[in-house]
Amino acid sequence: MPHIGKPGKNVASSLPSAKTVKNKIHALDFSRAPKPCVHKKRQAKYLYIDADEDHVAL
């Protein structure tokens, strides 16, 4: 019968460190990833601002 371990045992020792994760992420090559499509920005004709004088800092 295999030993399962104690309930509540800390399993953090089997997880990679934060530095290891950072190094793996920084080593990834995204140069072959598809570029996101960039749409032309639209410009609004009018900008409506609704102001309330009760919330103005004097």
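**Exercise 1.** Find the helix that holds Ile-25.

*Solution.* Ile-25 sits in helix α1, residues 18-26. This is a predicted model: local features need pLDDT of at least 70, side-chain atom pairs count only at pLDDT 80 or more, and totals for chains, interfaces and linings use all residues. Residues are numbered from 1 along each chain as its sequence is written, and side-chain values use heavy atoms, leaving out hydrogens and water. Next, count the elements: the chain has one helix and zero strands. Helices (H or I, at least four residues) and strands (E, at least two) are DSSP runs, numbered from the N terminus.

**Exercise 2.** State what share of the 58 residues is buried.

*Solution.* Start with the cut-offs: buried means under 20% relative accessible area, exposed over 50%, partly exposed in between (1.4 Å probe, protein chains only). Buried residues then make up 0% of the 58 residues in the chain.

**Exercise 3.** Locate Asp-52 relative to α1, then classify Asp-52 as buried, partly exposed or exposed.

*Solution.* First, the place: Asp-52 is in the segment after α1. Second, the area: the relative accessible area of Asp-52 is 37%. Therefore Asp-52 counts as partly exposed.
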